[in-house]
Amino acid sequence: MTSHVVVAGPDPGVTTDLLRRPAVARKTMRDDTTRMLVNRAQFDNSAETRDRIRERTPAVRAIEHTIEYLDLVGSCHGFVATLGRLVPQLRGQEFTDDERETVRRRIGRVRAAADWLEGALENGEFTLDEQLVRLLKGEE
């Protein structure tokens, strides 16, 4: 006679009840891996909820588009406005070679991001390729 042992995960109700205890929740959330997994689960749950809402209410996607468009235009405006405020204040300041080189590298990243955005608007391809990701992260 062969015996089979089935090991099941914890009952979600038991786990939930345990986590409702403040001391248990605090101790559990001190673990980096657990905290990351909980955050990932929250993100996944939110994404599923957003997807269900989008399916049931097509107008939501139009609203999201408007928000994303305004965010994009606002980001461009904010960058230009910040430079317009900061650059004149730099008059008379001396920068070290390292400082100038750091700013030049950041300008290169800005230029790459702007070129990527312009290309995405032209061709409709809004994905990041690996090389651009590295450049934007400063891993050149």
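Helix 3, residues 32-56, contains 25 residues and reaches 36 Å from its first C-alpha to its last. That reach is close to the 36 Å expected at 1.5 Å a residue, where the expected span of a helix is 1.5 Å times one less than its number of residues. Helices (H or I, at least four residues) and strands (E, at least two) are DSSP runs, numbered from the N terminus.

## Basis of the model

The model is predicted: local features need pLDDT of at least 70, side-chain atom pairs count only at pLDDT 80 or more, and totals for chains, interfaces and linings use all residues. Residues are numbered from 1 along each chain as its sequence is written, and side-chain values use heavy atoms, with hydrogens and water left out.

## Overall architecture

The secondary structure of the protein comprises six helices and zero strands. Read from the N terminus, the elements follow the order α-α-α-α-α-α. The protein is more spread out than a compact globule, because its radius of gyration is 25 Å, well over the 14 Å that the globule rule gives for 140 residues. The radius of gyration is taken over C-alpha atoms, and the globule rule is 2.2 Å times the number of residues to the power 0.38. The C-alpha trace spans about 85 × 45 × 35 Å along its principal axes.

Of the 140 residues in the protein, 4% are buried. Buried means under 20% relative accessible area, exposed over 50%, and partly exposed in between (1.4 Å probe, protein chains only). The accessible surface of the protein is about 12,300 Å², and 58% of this surface belongs to carbon and sulfur atoms. Accessible areas come from the Shrake-Rupley method with a 1.4 Å probe; for residues, only the protein chains shown count as cover. Among contacts (heavy atoms within 4.5 Å) between residues at least 6 apart in sequence, 26% join residues at least 24 apart.

The structure holds eight salt bridges. A salt bridge is a side-chain nitrogen of Lys or Arg within 4 Å of a carboxyl oxygen of Asp or Glu. One of them joins the side chains of Asp44 and Arg40, at 2.8 Å from N to O. Both residues lie in helix 3, four residues apart, about one turn of the helix. Asp44 is partly exposed at 31% relative accessibility, and Arg40 is also partly exposed, with a relative accessible area of 45%.

Another salt bridge pairs Arg54 with Asp51, whose closest N and O atoms are 3.1 Å apart. Arg54 and Asp51 are likewise both in helix 3, three residues apart, about one turn of the helix. An α-helix has 3.6 residues a turn, so residues three or four places apart point the same way. Arg54 counts as partly exposed, with a relative accessible area of 29%, as does Asp51 at 38% relative accessibility.

## A link between helices 3 and 4

The side chains of Glu64 and Arg54 also meet in a salt bridge, at 2.7 Å from N to O. This pair links distant parts of the chain, with Glu64 in helix 4 and Arg54 in helix 3, 10 residues apart. Glu64 counts as buried because its relative accessibility is 16%. Apart from its neighbours within four places in sequence, Glu64 is in contact with Arg50 and Arg54. A network of salt bridges links Asp51, Arg54, Arg61, Glu64 and Glu68.

## Other residues of helix 4

Tyr69 is located in helix 4, residues 59-89. With 47% relative accessibility, Tyr69 is partly exposed. The C-alpha atoms of Tyr69 and Phe95 are separated by 37 Å, and the two residues are 26 residues apart along the chain.

Ile63 also lies in helix 4. The relative accessible area of Ile63 is 51%, so this residue is exposed. From C-alpha to C-alpha, Ile63 and Asp17 are 38 Å apart in space, and they are 46 residues apart in sequence.
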